[in-house]
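Let's take a friendly look at how one protein chain is held together. Keep the picture open while you read, and look for each residue as it comes up.

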Amino acid sequence: MIPKVYREVIDLGDGREISIETGKLAKQAHGSVVVQMGNAMLLCTAVSNYKASPVDFLPLTVDYREKFAAAGKYPGGFFKREARPSNDEILTMRLVDRVLRPLFPKDYHAETQVMIQLMSHDDEVMPDALAGLAASTAIQLSDFPFECPISEVRVARVNGEFIINPSRELLAQADIDMMVGASADSVMMVEGEMDECSEEEMTEAIKFAHEAIKVQCAAQVKLAEAFGKKETREYEAADTDEAIEKAAHDFAYDKVYAIAKAGSAKHERSEAFATIKEEFKATFSEEELEEKGGLISKYYAKAEKAAIRDLTLNEGLRLDGRKTDEIRPIWCEVDYLPSTHGSSIFTRGETQALATVTLGTSRDANILDSPTFEGEERFYLHYNFPPFSTGEARPLRGTSRREVGHGNLAQRALKGMVPEDCPYTVRVVAEVLESNGSSSMATVCSGTMALMDAGVQMKKPVSGIAMGLISDGERYAVLSDILGDEDHLGDMDFKVTGTADGITACQMDIKIKGLSYEILVNALKQARDGRLHILEKLTDTIAAPNADVKAHSPKMITRRIANEYIGAVIGPGGKVIQELQKETGTTIVINEDPVTEEGIVEILGTDQNGIDAVLAKIDSITFKPERGSVYEVKVIKMLDFGAVVEYTDAPGNEVLLHISELAWERTNNVTDVVNMGDVFDVKYFGRDPKTRKEKVSRKALLPRPPREERKPKED
């Protein structure tokens, strides 16, 4: 039986369309949809258990995978099967998760899985921009309790014009590249990178994206209605108890307010809040604690949160005693680690990041090989967040999604300020040593200083700041340089990085509905003031990039050679290049430039003499004398019919100086004119058209005597 297919089309307004379709595939899932744009097709399924999980949160898993078959490719590596997700897939999962999660009821704890798979790829379509639309549509076709449809789009500005979901080719020309997630009413998530744009320009891009999202949300509603919108399932809601809620507020609110107002360090106030909680729990019997312990803790946390938020809104004060726009004390240091190519420490309050820089050749580039993109990164950043940074002990289980996401944000913040002609592959690693509020922004700051310490000629230094927002609907307070606790209890967490001239990257999670663009612009401007304050601290520590790399760091010299000489430089079986590397203590990498059809030789070494020796060898191999030019030569072999000479500027390049070209006078013996080791100039005449041998002449540079003087002398 042929299934009935339901379909809606979204017009992007420039001749491109997105279709959302259901009824054909994966019908045992609770909701499934195929999203298509061009030849790109995403299959998304959503399934949620009917029985609640025992955990006290929503166990939501968002999984995004790109199938290699979608692009007609094989997976690389030994096992020809897709394995762990790539960084790009993880980043897409995070983008979708951050918008979906807040729209499930807080008391919905059933295990839920949203799977998005790229089944067909189109080179003109970037599929990550369709993932949010696919996820939300699948949920709309299900019976899950979910507040409202959402969608995500990529907005880019190319030549001053905003474009929704551009191709990768167009995106390469953009000066704004942002992913925006929103419902029809409210923007919920923003993440992207910019070429030093202003706060107002960023806001305009968000507005443009939101208008496109509204259309996509309406299409989801229309498809769900045509398909037959399911009744929202009934689920076992979490217990409530108004009496305990009131008791918690009455007991804890004033006490928490007083401690919060006093201003204290993290451990101090954590202990004080823990004491209040224990005292509150002591007001209940053992039977009540056993039966209602979860609710008692939940309502205490609610009272604590309300007191801290009200303190900020009422008095403009924060947990550690700061005002809303005040930045914590900062200290910085560069060149801390003696053996790295560059290093720095950035400490802001109770957050600390130690960054290192390593310089390498193109061989050290980060190779990107996915179904949708093949390429490499010559600048990349890795972020590590060990458990001791928050005073915890837990097992290490590989790189977390959070580490991938925070590292990507810091990389996007810095990469635009690394010059295009930087000869090195540059790797930055940030080790978070303490964390209480935005270690990703500390990574940006420490990364900037480490790059400058390493001698990478950054165009401009970059700083970053994490901001928060608390609002009760009428009043609001924007918080600069938020603490970890403020991140948890606030209504918006937004991180902004940039130079003195504009924004380079951002990441925002907005938790309240209907945030006005006026508040958003004000928050961004306050963030700018904070960024500039932090930037001043960075440049006080290191004002500009070091003029040179460190003495123990590798020096990089790049030389271009004609393609015809690549084989000679490498030698048979790599013999020439291997021996040269061994003799000079250098690393030599040769790549072909497909545009100029030249060979690019990278020479990396710590000893300048070794680098110079490699350059001399390359010059020798690629030496090609020009007709009519004069060259200095040295006699290296004597023959009866001439002398073999070597070009002094290109050792190893030899040519025969025939006896007839030694002097104008008749020469009977070569030794009458030159001897071994003699150095003199010759003129190059090119190849003889008859013999095809190269011709050089010494006599051509000598004054030509009268004919009678050219006769041989008699004994």
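Glu 420 counts as exposed, because its relative accessibility is 70% and the cut-off for exposed is over 50%. Keep in mind that this is a predicted model. The side chain of Glu 420 meets that of Lys 459 in a salt bridge, with 3.0 Å from N to O. Lys 459 is partly exposed, with a relative accessible area of 42%.

Where do Glu 420 and Lys 459 lie? Glu 420 is in the loop between helix H8 (401-415) and strand E17 (425-434), while Lys 459 is in the loop between helix H9 (439-453) and strand E18 (463-471), so their pairing ties together parts that are 39 residues apart in sequence.

## Two bridges to helix H10

Now find Arg 318, which forms a salt bridge with Glu 486; their closest N and O atoms are 2.9 Å apart. Arg 318 sits in the loop between helix H7 (286-315) and strand E11 (330-334), and Glu 486 sits in helix H10, so this pair ties together parts that are 168 residues apart in sequence. Are these two residues buried or exposed? Arg 318 is buried, with a relative accessible area of 1%, and Glu 486 also counts as buried, at 3%.

Another salt bridge joins Arg 269 and Asp 485, with 3.7 Å between the closest N and O atoms. This pair links distant parts of the chain, 216 residues apart: Arg 269 belongs to helix H6 (residues 266-281) and Asp 485 to helix H10 (residues 484-489). Arg 269 is buried at 2% relative accessible area, whereas Asp 485 is partly exposed at 33%.

Some charged residues are linked in a network of salt bridges: Asp 128, Arg 154, Asp 177, Glu 193, Arg 412 and Lys 415.

In soluble globular proteins, nonpolar side chains tend to be buried together. Here, the largest nonpolar core has 155 residues, and those with the most contacts inside it include Leu 100, Met 202 and Phe 494. Helix H4 (residues 199-227) gives the most to this core, contributing 10 residues. A second, separate core has 18 residues, among them Tyr 631, Val 645, Leu 657 and Tyr 684.

Leaving aside residues up to four places away in sequence, Phe 494 touches residues including Ile 465, Met 467, Val 478, Met 508 and Leu 524.

Technical notes: Residues numbered from 1 in each chain as written. Predicted model: local features only at pLDDT ≥ 70, side-chain atom pairs only at ≥ 80, totals over all residues. Heavy atoms only, no water. Core = buried A, V, L, I, M, F, W, Y, C linked by side-chain atoms within 4.5 Å. Buried < 20%, exposed > 50% of the residue type's maximum accessible area, 1.4 Å probe, protein only. Helix = DSSP H or I, 4+ residues; strand = E, 2+ residues; numbered from the N terminus. Contact = heavy atoms within 4.5 Å. Salt bridge = Lys/Arg side-chain N within 4 Å of Asp/Glu carboxyl O.
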